[in-house]
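Please keep the sequence and the coordinates open while reading.

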Amino acid sequence: MGWALRTLLVSDNTSCLKDRKVGGKFIRKCAPGTELVEWLLNLSPIVHTRTQAAGMWQALLEEGVLCHVAKEQPFKDKCFLYRFKSDEDGTAGGAPTSDDVNHANEHIREALPALLHRGPDATLRMILRKPSHERTQEELELVYEELLHIAALSHLSTSIKRELASIIVFEAHAHAGTVLFNQGDEGRSWYILLKGSVDVVIHGKGTVATLKEGDDFGKLALINDAPRAATIVLKENNCHLLRVDKEHFNRILRDVEANTLRLQEHGKDVLILERVAKQRGYSAFKYTVMSGTPQKMLEHLLETRLGGQAGPNDPFLDDFLLTHIVFMPTPLLIDELAANYHADADIDLRQASEEDQEYFLTSKRRVVQFIQRWVLAVRHAVFDDPLAVEFIEELATDVEAEPALQEEASIIHHVLTQLSRYQEDRQMNATQKWKLPPNGQPICLFSGNTHSKTVIRPDDDIIFRVYCADHTYCTLRFPMATTAEVIKACAADKLQIARLPEDLLLVEVKSSGERVVFKDNDVSVPTALSLNGRIFVSPKDHLDALTPLPEQEVPTEAPDVDFEALSTKDVAYHMTLFDWDLFWAVHEYELLYHTFGRHHFNKVRLHYLLIKLFSFCHWPELDSSRISFFKQFPLVVRFHCASQFSHSQDLSQTA
């Protein structure tokens, strides 16, 4: 690759590779780092950023293909001069021939992606070779991101990984058989294998283990301040390791012990807590949950996050409520809540101490408060679950029968009122049907509730058209949750397309002519169409014959208004109102269904695709007022909008 790049640089008379006079000394065929980066950016469209280009040059520098005129190791996108090693030692030869240029072009087309892939690793190694005090904030962030993917560090907290990013060192060994340290040596470092493998050898036993990429070793001697218990021998050539020296290891280990609390049951960790700084107005520190079993996390939440014990900015309760369906399905959650509420079921309270009685009452209060926060956090998703409704109704009966729980009886009564209103609204809209008109959003027909907006539900019917290649169509009516496979088969039957179902495709044809094929298990197909899109059914071998309808290619009707005369603030205001209606119809759980796959939850997501229209994703920048507005949304909503926003914006802004 070095030969190919040099050949193209030398053959281009306008390139940056020139003879230059530096400090009174004549240097042949050298170029500044900035110009080498710009040249590589212009060479191929697969190189998108200056960082990528600099990483590629760093990979060549690391391999000795390129060298710094002043013998410095890192490649910098600055006005430092670099040249190819062949020019430095005089082995480059004469001017390249046309055959050389053609061969170089062909080689670059084939091999440039491999060099692009090696760039980030070379950049990381360059950073890790620097002393700690020379690493910039951007470089520390890059190292931290890499540490997140190392298995040996997965149990460490975020703060510890960030601290490691500033002190961890890269170490490479070229030859297999190299002894890294011997049994009985003083322990001076902890190692993590990045590339290659090593043998663990013990006197009298021989090789007892082979460690591979991601494994760590050398920790025991540092923890116990004891000699090395084994000899480590490199098994492969070109092994790469990360090293943490004893001084830093001991300091970080003390931090881990001070900041991390592990709760164990039967010899296993069931809850891991991390101490972090609290907000102003509260005590100096608090513990937040890093990981744990679902049951133990719920127990910790009930004991520490309800009854006004947590600060207003503590996210753990809301995060648990919005994501529990991933790790603790609703039936399991209800069983655990019931067990906490009825903790006194096998105890004679008349013989229990006053302290025990107060404990049982407190447990009941916390379960009721949890139900209240659950309903507030996830809106009507609780009321859609028959098990949850049954539990709430049973809980209400028990609470009302307990004289000491008058305040909780008021809370549960308010929840029941919300449940009753929700069930009445569902009953009024039980016959809700929708129609998909051209160029528009689905219109609700025959709705029982005409005074308020209604959301689309999986069992609602929708009327829509499906076209074939000659633009004839059939009209279908199906529930929203119907799969594309069923729609495809029914439409083909009505349109008399004599093909087997596996030979057919259900396709959206956009006004631009673009075709988007639906998967057989896709649901809510009519509401997933883009603006002015149409649904087509077609044999697989006739897909290219699908063309937009004539009505898709002409301007649609619009009010007789001069758009340019409108105030930009008015336009933004009405766009935001429209987007907010779409946004509010998307439940937080739908993001989880989309991310993890709806088949894991046996649920249907209907509104998630509408979120792609959300205007936050198109903001040119995020100012302080927008960020403040953004922060009011729950965690999963903020995560989703940030992920959408990052498609077109700099990731630092997203962070």
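## Overall make-up

The model is predicted. Its protein chain contains 21 helices and 22 strands. Of the 655 residues in the chain, 41% are buried. Among contacts between residues at least 6 apart in sequence, 60% join residues at least 24 apart.

Helix H1 spans residues 2-11 and is mostly covered, with 8 of its 10 residues buried. The buried residues of H1 are Gly-2, Ala-4, Leu-5, Arg-6, Thr-7, Leu-8, Leu-9 and Val-10.

Strand S2 (residues 25-32) is paired with strand S1 (residues 18-22) in the antiparallel sense, over 4 bridges. In this pairing, Arg-20 stands opposite Ile-27 of S2. S1 and S2 form a hairpin with 2 residues between them, and Gly-23 in the turn has a positive phi of about 60 degrees. S2 also pairs with strand S4 (residues 81-84), again in the antiparallel sense, over 2 bridges. Here Ala-31 is opposite Tyr-82 of S4.

## An open sheet

An open sheet is formed by 4 strands in the order S5-S12-S7-S10, with antiparallel pairing. Which strands stand at the edges? They are S5 (169-173) and S10 (216-217); each has a single partner strand, so one side of each is left without a neighbour in the sheet.

Strand S7 (residues 189-195) is joined to S10 by 2 bridges, and the two strands run antiparallel. Ile-192 has Asp-216 in S10 as its bridge partner.

## Helices H12 and H13

Helix H12 covers residues 330-341 and helix H13 covers residues 354-378; their axes come within 8 Å and cross at roughly 150 degrees. An angle over 145 degrees counts as roughly antiparallel, so H12 is roughly antiparallel to H13. On the H12 side the contact is made by Thr-330, Leu-333, Ile-334, Leu-337, Asn-340 and Tyr-341. On the H13 side it is made by Ser-363, Lys-364, Val-367, Val-368, Phe-370, Ile-371 and Trp-374. By class, the residues of this contact are 9 nonpolar, 3 polar and 1 charged.

Leaving out residues up to four places away in sequence, Lys-364 touches Tyr-341, Asp-344 and Leu-405.

## The largest nonpolar core

In soluble globular proteins, nonpolar side chains tend to be buried together. The largest nonpolar core in this model has 48 residues. The residues with the most contacts inside this core are Phe-370, Ile-371, Trp-374 and Leu-395. Phe-370, Ile-371 and Trp-374 also belong to the H13 side of the contact with H12.

Which elements give two or more residues to the core? There is one strand, S14 (268-277), together with helices H10 (294-304), H11 (316-327), H12, H13, H14 (386-400), H15 (406-428) and H18 (588-596). H13 supplies the largest share, 9 residues.

Note on methods
Residues numbered from 1 in each chain as written. Predicted model: local features only at pLDDT ≥ 70, side-chain atom pairs only at ≥ 80, totals over all residues. Heavy atoms only, no water. Pairing = 2+ DSSP bridges. Axes fitted to C-alpha atoms, helices over the stretch in contact; angles between N-to-C directions. Parallel < 35°, antiparallel > 145°, perpendicular 65-115°, else oblique. Contact = heavy atoms within 4.5 Å. Nonpolar A, V, L, I, M, F, W, Y, C, P; charged D, E, K, R; others polar. Core = buried A, V, L, I, M, F, W, Y, C linked by side-chain atoms within 4.5 Å. Buried < 20%, exposed > 50% of the residue type's maximum accessible area, 1.4 Å probe, protein only.
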